[in-house]
Amino acid sequence: MRGVTFQGNGSVAVEDLPDPEILAPTDALLEVTMAGICGSDLHILHAGAAFGFEPGGRLGHEFLGTIQAVGSEVTGFAPGDRAMVAVGVSCGVCVWCQEGLRASCEKMSIFGWAPRLWKHGGPVEGGQSQYARIPFAQSTLVKIPDALASREHETKLLPIIDVMSTAMHGLVTGRLHPGDDVVVIGDGAVALSAVHCARAMGAENIICYGHHADRLAIAKTLGATMTSEVRDAQEIAEATRGATRGQGARVVVDSVSNTDSMEAAHGSVRAGGTISCLGMDHFMGKTPAVNWYDQFVRNITISGGLLPTGLYIPRLLELLAAGAIDPSPLLTDVVPLDQAVDGYARMAERREGALKVALKVA
Ligand SMILES: [Zn+2]
Ligand SMILES: [Zn+2]
């Protein structure tokens with residue numbers, strides 16, 4: 001089969017790989033039909049060696065497809081079923097899984113990551129490929145409802161796996177209520193997902209701050225009531241107060257989560273509000289400074305964090321089935337699997353407004 005692999009910092013390739021096999025009775029085999037390239041895949045592209053990636057390591061943690069085979073202990077799934085993965089592997093039975101904290105599962109692994117994050121024997125599986133072995137399939141896979149199972153729905157489904165789920169995590173842990181004002185800092189796929197989710201969850205004003213006019217135009221399409229390219233934390237704070245009766249927003253989603261964006265978030269959040277941190281800089285060794293004085297005197301909650309894999313997919317599928325969301329505008333580019341190298345380059349270089357690239361595998 002064909003699949004995308006890391007080839008050393010700055011380079012990926014589409015290669016011939018061995019077909020995966022069922023190795024445990026709890027495994028399933030998925031024939032992948034569409035896979036996403038994630039912002040975190042770009043971190044791997046640029047600096048994967050620092051995370052323990054070896055040349056030849058497989059990539060891809062956002063994918064969906066058709067079940068090809070199931071192990072003897074997998075119930076509830078059958079060959080031919082359409083299913084999506086939940087980013088990582090989870091066992092479904094440990095104390096963390098029971099609490100909905102599946103990113104902390106005792107057996108947690110991430111598809112398409114370095115071997116140290118793969119605990120299931122055999123090679124690390126990646127979803128930017130024709131087939132993938134799915135450990136603990138019963139917990140790791142989510143069945144796609146019949147009404148959304150046909151191929152035409154794939155570009156609406158794919159963003160749900162990671163970026164829309166991460167955005168919803170920010171808003172749910174941010175305690176968003178209908179009628180609240182929301183500020184979103186950043187204009188990447190997670191930020192624009194937060195805009196779209198906030199609209200579906202009934203937010204009043206949804207203000208998005210970014211640096212790219214084309215991305216802010218997508219933010220408008222997805223539900224932003226105001227967009228702005230102001231960059232300075234003071235200017236962002238003033239613009240937010242101007243749009244929120246002088247109060248600030250109840251929920252600020254900081255999709256960047258570095259020290260500068262956190263300063264803007266503190267300037268935009270109202271007293272008693274929440275700043276949800278969803279950015280990846282922690283993984284890059286850059287922990288943002290938090291204004292603990294402001295947090296204390298104005299009773300600010302700092303929330304967000306790593307996505308509990310799969311937790312929000314059922315709710316997002318319901319919103320999709322009801323027509324309340326359509327995140328397909330996030331996928332600005334769809335290219336065949338064999339052109340994945342170009343797909344990575346389009347996204348890394350932000351070529352012609354590429355925001356998020358999907359790989360059409362079958
Ligand atoms: Zn991702
Ligand atoms: Zn578990």
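This is a predicted model: local features need pLDDT of at least 70, side-chain atom pairs count only at pLDDT 80 or more; totals for chains, interfaces and linings use all residues.
**Entry 1: the domains.** I began with how the chain is divided, and I found domain 1 (2-143 + 332-360) and domain 2 (166-304). Their C-alpha centres lie 29 Å apart. I then looked up the contacts: 9 residues of domain 1 are in contact with 11 residues of domain 2. Together the two domains bury about 780 Å² between them, and 71% of that is on carbon and sulfur atoms. On the domain 1 side, His-43, Arg-350 and Leu-355 supply 59% of the area buried against domain 2, more than any other three residues. I also looked for salt bridges between domain 1 and domain 2, and the count is 0.

**Entry 2: the cores.** Which residues touch the most other members of the largest nonpolar core? Of its 96 residues, they are Val-4, Phe-63, Met-84, Ile-134, Leu-141, Leu-171 and Leu-316. Helix α4 (residues 154-173) gives this core its largest share, 9 residues. Domain 1 and domain 2 both give residues to this core, so it lies between them.

**Entry 3: a hairpin.** Strand β1 (residues 2-6) and strand β2 (residues 12-16) run antiparallel, joined by 5 bridges. I found Arg-2 opposite Asp-16 in β2. The hairpin has 5 residues between the strands, and Gly-8 takes a positive phi near 100° in it.

Conventions:
Residues are numbered from 1 along each chain as its sequence is written. Chains are lettered from A and ligands numbered from 1 in the order in which they are written. Side-chain values use heavy atoms; hydrogens and water are left out. A nonpolar core is a set of buried Ala, Val, Leu, Ile, Met, Phe, Trp, Tyr and Cys residues joined through side-chain atoms within 4.5 Å. Buried means under 20% relative accessible area, exposed over 50%, partly exposed in between (1.4 Å probe, protein chains only). Helices (H or I, at least four residues) and strands (E, at least two) are DSSP runs, numbered from the N terminus. Domain bounds come from an automatic or database domain assignment. Two strands pair if DSSP finds at least two bridges between them. Contact means heavy atoms within 4.5 Å. Buried area is the accessible area (1.4 Å probe) that two parts lose on being put together, summed over both. A salt bridge is a side-chain nitrogen of Lys or Arg within 4 Å of a carboxyl oxygen of Asp or Glu.
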